[in-house]
Amino acid sequence: MNLNWKRSVVAASGLMLIIIAVLFEPVIFGGKTFGSPDSLSPKAIGIALNDVLEKSGEFPQWQPWVFSGMPTAEAFTHLSKLYFPEYIFKLFFLPGMMIQLLHLLFAGIGGFLMLRHFKCSEWAAGLGATAFMITPYMVTMVVFGHGSQMMTAAYIPWILWFTVRLWQNPSTWNMGWLALLLGFQLQRAHAQIAYYTWMLIGAYSLLILINGIRIKGDRSILGKGFGLFVFACILGVGLSLLIYLSAMEYTPFSVRGGSAGGGADYNYATGWSFHPKEILTFFIPSAFGFGGQPYWGFMPFTDYPNYMGIIILLLAIIGLFRKWELIHQFLVITSVFALFISFGKHFSLVYDLFFNIFPYFNKFRVPHMILILLQFNVGVLAAFGLDELVKLKEGKIPKWFLGIAGVMGVFFIGMVLGGSVIESAVRGSFSPPMIQDPRAAQALNNLRWNLWLNDAWLMILFSGSLIVLIWLWINRKVSQAMLMVVTVSLAIVDIGIVNFKIIQPNRSSGRGSQLMSKRVVDRFFQEDEIIKFLKQDESDFRIYPIGGLFGESRFAAFGLESVGGYHPAKLKDYNTFLSKTGNAAALPVLRMLNVKYLVSPQKINHPEIKSVKTGEIKSSRGNVSVDVLKVSNPSPRAWFVIETETVSDDEVWRKIVQPSFNPLETAYVNEPIKISADSKGSIIKFEKGVNHTRIMTESSGNQFLVLSEVYYPLRWKAMMDGKEIQTHKVNGILRGVEVPAGNHTIDFIYDKSSFKKGLTISFTSFGLSLGLIGLGYFRRKKDE
């Protein structure tokens with residue numbers, strides 16, 4: 001990299017940093033942060049896990065605070081501790097939000113370097129890189145608590161850049177860097193975005209191979225490039241196995257991998273499919289209500305439009321008229337596939353092909369997420385388009401100019417002369433508002449139309465400005481520098497307007513702001529009167545939040561174990577248990593789960609439930625008045641039963657919700673278990689940790705011990721007096737072990753062997769990648 005390149009990279013980085021600072025000014029300088037429910041929920045779990053980490057000195061593999069207990073790392077929870085670059089950030093004591101914004105900058109710098117490698121001018125490279133960096137998808141992920149998606153996507157330009165470099169110049173330098181980037185992206189742990197990135201570079205590599213074979217290129221270079229690319233991919237996977245080795249083993253036990261076909265249920269997977277009609281949002285952000293309450297599109301809900309900028313989109317179209325090379329074929333082919341895959345159930349032919357054939361593709365949901373590849377490709381093509389504008393000959397109007405101007409002109413005339421017809425058509429497409437009040441429903445529909453109308457005129461304004469600017473340039477009424485500056489400025493302002501609506505929506509938008517003071521967030525995680533009351537009880541127990549509080553994860557921050565919570569990859573068996581028991585809404589089931597307290601926003605009258613505290617509790621959706629109710633005769637965390645009964649998996653759900661069911665007396669199991677008649681068993685000592693539970697028992701005959709913890713045989717191993725014994729599934733969800741006569745020590749230990757093996761492979765792959773980079777560096781120095 002020569003001096004001029006270094007200067008241009010520094011300058012571009014500085015400008016992109018300014019853009020980020022302007023967009024996120026309330027966060028960087030205003031003492032605010034984003035407090036969406038999806039931001040607060042993982043933060044609560046993180047507080048609990050960090051507390052365990054500080055006390056035990058080891059990464060906690062189990063989180064007992066949500067859904068009565070589930071895995072952490074293998075369910076992709078709190079993985080920042082397993083992301084190697086995180087430790088560099090922590091050297092500078094950077095908070096999580098600053099780390100996210102640095103990843104945004106990282107995406108921009110990677111895009112700039114990649115586009116300069118593609119021979120784009122500095123202005124064009126800066127535009128394309130910035131377009132991807134601040135595309136509304138990337139900004140929305142920061143605002144609404146999905147930082148892992150954005151940070152994983154930030155690696156896309158870097159990975160594609162080094163993939164291209166490796167094929168062009170097969171070397172250990174390029175291979176080492178590609179391996180490192182692939183590994184870090186996988187460690188950032190949004191597997192779906194990483195998978196799409198691999199699809200992107202896989203498609204590029206396939207095109208290179210096909211093209212090389214077709215033109216009969218140098219087979220030795222082609223073979224070397226292929227070999228180094230494959231080895232880089234293997235090293236990248238190896239670098240990530242501290243997470244993915246155990247995660248892949250968890251997949252069959254998760255709701256995302258527990259269907260009959262080994263993946264997510266099809267309807268679940270395609271819930272957020274992108275309808276072809278919503279392509280209109282590429283041109284008009286509010287074509288389907290933008291997001292939030294005004295949204296009337298085909299997805300269950302959304303917080304943002306899939307807008308890329310009308311200037312960027314028009315430049316991308318112009319970029320297609322550049323002299324076609326392999327990179328153009330690649331961008332067009334992958335963009336078309338990404339678009340058709342995003343349609344999901346709305347045009348299932350292409351999606352089903354990938355869902356049924358491609359490995360692991362069926363583990364993912366939200367098909368429209370793949371549009372990040374389209375948005376990235378459009379940014380690249382926009383850079384090509386800007387450079388194409390510069391090459392226009394004086395006085396010669398290209399055909400594409402007439403086509404674009406004609407389409408925009410027709411739309412403008414239609415808006416002026418046929419406004420009422422357009423309004424009628426748009427209003428006719430509105431979905432019925434989920435509001436009972438007719439006046440409020442009418443107001444919402446008026447808001448929808450106003451949003452559509454305002455964005456349509458803005459689209460006309462920006463696209464018209466670009467058309468006029470191009471015409472002025474063709475006739476040399478403006479300089480090349482003016483063309484570049486004004487085009488880039490228009491594009492950034494265009495996208496910036498949409499991003500400001502996402503970051504700081506005004507009150508009339510129908511959408512709430514996610515911005516809140518950092519002090520408010522800090523207070524959110526301070527104990528309120530309800531939390532203080534619950535924490536006074538130092539016994540082992542769970543709580544059962546009722547209604548809207550069931551999905552609340554805030555309790556975890558205070559070490560309170562809940563039957564509910566939120567996690568997109570919870571255990572499949574627990575999900576089945578909840579669905580079959582009406583969210584565990586039966587008193588025998590609550591007792592079985594060691595529930596001692598109910599936290600209810602409504603009054604409940606029941607002879608076996610007593611109100612013990614009333615007050616307000618903080619939740620991710622505001623303060624809620626609640627009643628804390630105590631369950632009479634709550635079950636302990638572990639006990640010996642009097643009898644066992646063998647039942648089928650289907651029958652057990654009917655049995656455990658019966659009012660007559662007493663979990664302290666009867667255990668429903670899948671196979672016969674003999675309990676000695678007239679014998680007794682007792683628990684002498686009970687010690688519970690996150691990764692280890694020890695129970696010391698005494699019995700006069702063969703007994704059956706039930707532990708009110710979630711059955712997960714892959715990891716939780718039962719040991720009796722140092723020897724492994726069988727763990728039985730009890731009551732469809734709990735654990736149980738047979739205990740012979742005498743005194744015994746029973747340990748339930750979380751098996752970390754897979755995690756440790758993955759950790760060893762990751763460090764080995766990391767060392768090899770660094771070694772390849774070092775070897776490549778010395779070779780480059782030697783060749784200079």
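Q: How is a pair of aromatic rings described, and how many aromatic pairs does the structure hold?
A: A pair of aromatic rings is described by the distance of the centres and the angle of the planes. The structure, which is a predicted model, holds 54 aromatic pairs. Phe24 and Phe34 form one of them, with 6.2 Å centre to centre and 85° between the planes. Planes over 60 degrees apart count as edge-to-face, so the pair of Phe24 and Phe34 is edge-to-face.

Q: Which parts of the chain does the pair of Phe24 and Phe34 tie together?
A: Phe24 lies in the loop between α1 (3-23) and α2 (25-28), whereas Phe34 belongs to strand β1 (residues 32-34), so the pair ties together parts that are 10 residues apart in sequence. Both Phe24 and Phe34 are buried.

Q: What are the distance and the angle for Phe337 and Phe354, and where do these residues lie?
A: The rings of Phe337 and Phe354 are 6.1 Å apart centre to centre, with 75° between the planes, and form an edge-to-face pair. Phe337 is in helix α15 (residues 326-342) and Phe354 in helix α16 (residues 348-357), so parts 17 residues apart in sequence are tied together by this pair.

Q: Is Phe337 buried or partly exposed, and is Phe354 buried or exposed?
A: Buried means under 20% relative accessible area, and exposed means over 50%. Phe337 has 41% relative accessibility and therefore counts as partly exposed. Phe354 is buried because its relative accessible area is 6%.

Q: Which residues form one aromatic cluster?
A: One aromatic cluster is formed by Phe106, Tyr155, Trp158, Trp161, Phe162, Trp173, Trp177, Tyr777 and Phe778.

Q: Over the faces of which rings do Arg188 and Arg322 lie?
A: Such a contact is read from the position of the charge relative to the ring centre and the ring normal. Arg188 lies over the face of Tyr83, at 5.0 Å from the ring centre. Arg322 is placed over the face of Phe384, and its distance from the ring centre is 4.3 Å.

Q: Which residues form a nonpolar patch on the surface, and which helix gives the largest share?
A: The patch consists of Phe412, Ile413, Val416, Leu417 and Trp457, which together have about 510 Å² of accessible area. Helix α18 (residues 399-417) contributes the largest share, 4 residues. Val416 has its place in α18 and is partly exposed, with a relative accessible area of 47%.

Q: Which strands do bridges join to β19?
A: Strand β15 (residues 703-710) runs antiparallel to β19 and is joined to it by 6 bridges; Leu707 has Arg735 in β19 as its bridge partner. Strand β18 (residues 728-730) is also antiparallel to β19, with 3 bridges between them, and His728 has Gly736 in β19 as its bridge partner. β18 and β19 form a hairpin with 3 residues between them, and Asn731 in the turn has a positive phi of about 55°.

Q: How many residues of helix α7 are buried, and which residue takes a positive phi just after α7?
A: In helix α7 (residues 136-143), 8 of the 8 residues are buried, so the helix is largely enclosed by the rest of the structure. Among them are Pro136, Tyr137 and Met138. Just after α7, Gly145 has a positive phi of about 80°.

Conventions. Residues are numbered from 1 along each chain as its sequence is written. This is a predicted model: local features need pLDDT of at least 70, side-chain atom pairs count only at pLDDT 80 or more; totals for chains, interfaces and linings use all residues. Side-chain values use heavy atoms; hydrogens and water are left out. Patches are made of residues with over 30% relative accessible area and no salt bridge: like charges are joined within 9 Å, nonpolar side chains (Val, Leu, Ile, Met, Phe, Trp, Tyr) within 5 Å. Accessible areas come from the Shrake-Rupley method with a 1.4 Å probe; for residues, only the protein chains shown count as cover. A salt bridge is a side-chain nitrogen of Lys or Arg within 4 Å of a carboxyl oxygen of Asp or Glu. Helices (H or I, at least four residues) and strands (E, at least two) are DSSP runs, numbered from the N terminus. Buried means under 20% relative accessible area, exposed over 50%, partly exposed in between (1.4 Å probe, protein chains only). Rings of Phe, Tyr and Trp (its six-membered ring) pair if their centres lie within 6.5 Å; planes under 30 degrees apart count as stacked, over 60 as edge-to-face and the rest as tilted. A charge sits over a ring if NZ of Lys or CZ of Arg is within 6 Å of the ring centre and within 35 degrees of the ring normal. Two strands pair if DSSP finds at least two bridges between them.
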